[in-house]
Amino acid sequence: DTFSGSLVDNGGYRRNGFGVMKSTDGGISWQSTGAFPMANARGYKLAQSPTNANILLAATTQGLFRSGNGGASWGLVEAGSCTDVAFQP
């Protein structure tokens, strides 16, 4: 874990996340899509397919993950730290 012993840990700034949250009513309310498969993963970027709202890509410290069901489940696409992801239009 690259954050162990850092100001983030020592200062108490590191908190567990909620996983991926989604809204189906324009942001009025939010629901959790479920637990992310890697408990210690830090998220850098989340991208949603422009043609299918259920396809998500997540760039994390543990690798690149993909969901085909709106975040209900995730599969590892590529292991290792991944800091950026985007769909090509």
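**View 1. The lining of the second largest pocket, sorted by residue class.** The residues that line the second largest pocket comprise five nonpolar, five polar and one charged. The model shown here and in the other views is predicted. The lining is made up of V20, K22, S23, T24, L46, A47, Q48, A53, N54, L56 and G70. Strand β3 contributes the most to this lining, with three residues. The space in the second largest pocket comes to about 170 Å³. Rolling a probe the size of a water molecule over the atoms shows where empty space is left.

**View 2. The protein and its elements.** The protein has one helix and six strands. Read from the N terminus, the order of these elements is α-β-β-β-β-β-β. The protein counts 89 residues, and 26% of them are buried, where buried stands for a relative accessible area under 20%.

**View 3. The open sheet of four strands.** Four strands form an open sheet in the order β3-β4-β5-β6, and their pairing is antiparallel. The edges are taken by β3 (residues 43-48) and β6 (residues 75-79); each has a single partner strand, so one side of each has no neighbour in the sheet. From one strand to the next, the twist averages 20 degrees. Strands of a sheet pair through backbone hydrogen bonds, either parallel or antiparallel.

**View 4. The pairing of β3 with β4.** Five bridges link β3 and β4, which run in the antiparallel sense. G43 has T60 of β4 as its bridge partner. T60 also has a bridge partner in β5, namely G63. L46, A47 and Q48 are among the residues that line the second largest pocket, and L56 is another residue of that lining.

**View 5. The hairpin of β4 and β5.** Strand β4 covers residues 56-60 and strand β5 covers residues 63-67. The two pair in the antiparallel sense over five bridges, and a hairpin of two residues joins β4 to β5. Within this pairing, L57 has R66 of β5 as its bridge partner. Four of the five residues of β5 are buried, so β5 is largely enclosed by the rest of the structure.

**View 6. The pairing of β5 with β6.** Strands β5 and β6 are joined by four bridges in the antiparallel sense. L64 stands opposite E78 of β6. β6 is an edge strand of the sheet, with a single partner strand.

**View 7. The salt bridge between K45 and D84.** How many salt bridges does the structure hold? The structure holds one. The side chains of K45 and D84 meet in a salt bridge, with 3.3 Å from N to O. K45 belongs to strand β3 and D84 to the segment after β6, so the pair ties together parts that lie 39 residues apart in sequence. K45 is partly exposed, and its relative accessible area is 37%.

**View 8. A86 in the segment after β6.** A86 is located in the segment after β6. Is A86 buried or exposed? A86 is exposed, because its relative accessible area is 58%, and the cut-off for exposed is over 50%. A59 lies 27 residues from A86 along the chain, and the C-alpha atoms of the two are separated by 9.4 Å.

How values were computed: Residues numbered from 1 in each chain as written. Predicted model: local features only at pLDDT ≥ 70, side-chain atom pairs only at ≥ 80, totals over all residues. Heavy atoms only, no water. Pairing = 2+ DSSP bridges. Axes fitted to C-alpha atoms, helices over the stretch in contact; angles between N-to-C directions. Buried < 20%, exposed > 50% of the residue type's maximum accessible area, 1.4 Å probe, protein only. Salt bridge = Lys/Arg side-chain N within 4 Å of Asp/Glu carboxyl O. 1 Å grid on protein atoms, 1.4 Å probe; cavity = no way out; pocket = protein on both sides within 12 Å on 5 of 7 lines; lining within 4 Å. Points joined across faces, edges and corners; volume = space filled by probe spheres on them. Nonpolar A, V, L, I, M, F, W, Y, C, P; charged D, E, K, R; others polar.
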